[in-house]
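Hi everyone, thanks for coming. Let me put the sequence and the model up, and then I'll walk you through what I found.

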Amino acid sequence: MPRIKGASLAEVVTRHLHAAGRTIAGEKGGRAANAVTSVAGLGRIDICDNPACADCAPTDRL
């Protein structure tokens, strides 16, 4: 059986909770969402402030 490519369920849930937390309460909500998803064993979303970071730096793509 071939492996389905894409995000795992844990990643999808973590990203949705982090986005909801940041939308509702800004950075504090993002930290709260990370605490919840870490305890649940789903992982964390860390956003760095380094403008040269290839993973986090904004791009011109839309």
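A quick definition before we start: helices (H or I, at least four residues) and strands (E, at least two) are DSSP runs, numbered from the N terminus. With that, the protein has one helix and zero strands.

Some housekeeping. This is a predicted model, where local features need pLDDT of at least 70 and side-chain atom pairs count only at pLDDT 80 or more, while totals for chains, interfaces and linings use all residues. Residues are numbered from 1 along each chain as its sequence is written, and side-chain values use heavy atoms, with hydrogens and water left out.

Now, burial. I call a residue buried under 20% relative accessible area, exposed over 50%, and partly exposed in between (1.4 Å probe, protein chains only). Of the 62 residues, 16% count as buried.

Which residues does Thr-14 touch, not counting residues up to four places away in sequence? Contact here means heavy atoms within 4.5 Å. The answer is Thr-37, Leu-42, Gly-43, Arg-44 and Ile-45. Thr-14 sits in helix H1 and counts as buried because its relative accessibility is 4%. Its C-alpha atom is separated by 6.3 Å from that of Leu-42, 28 residues apart along the chain.

Leaving aside neighbours within four places in sequence, Asn-34 contacts His-18, Gly-43, Arg-44, Ile-45 and Asp-46. A polar atom of the Asn-34 side chain lies 2.8 Å from the backbone oxygen of Ile-45.

On to charges. Side chains of opposite charge can pair when their charged atoms come close. For a salt bridge, I ask for a side-chain nitrogen of Lys or Arg within 4 Å of a carboxyl oxygen of Asp or Glu. How many salt bridges does the structure hold? Three.

Glu-11 pairs with Arg-15, the closest N and O atoms being 2.9 Å apart. Both lie in helix H1, four residues apart, about one turn of the helix. Arg-22 and Glu-27 meet at 2.6 Å, N to O. Arg-44 bridges to Asp-46, with closest N and O atoms 3.5 Å apart. In that pair, Arg-44 is partly exposed at 49% relative accessibility, whereas Asp-46 counts as exposed at 56%.

Finally, back to helix H1 for Val-36. Is Val-36 buried or exposed? Exposed, because its relative accessibility is 52%. Thanks, and I'm happy to take questions!

Notes:
A polar contact is a pair of N or O atoms within 3.5 Å; within protein, one must be able to donate a hydrogen and the other to accept it, and residues adjacent in sequence count only if both atoms are side-chain atoms.
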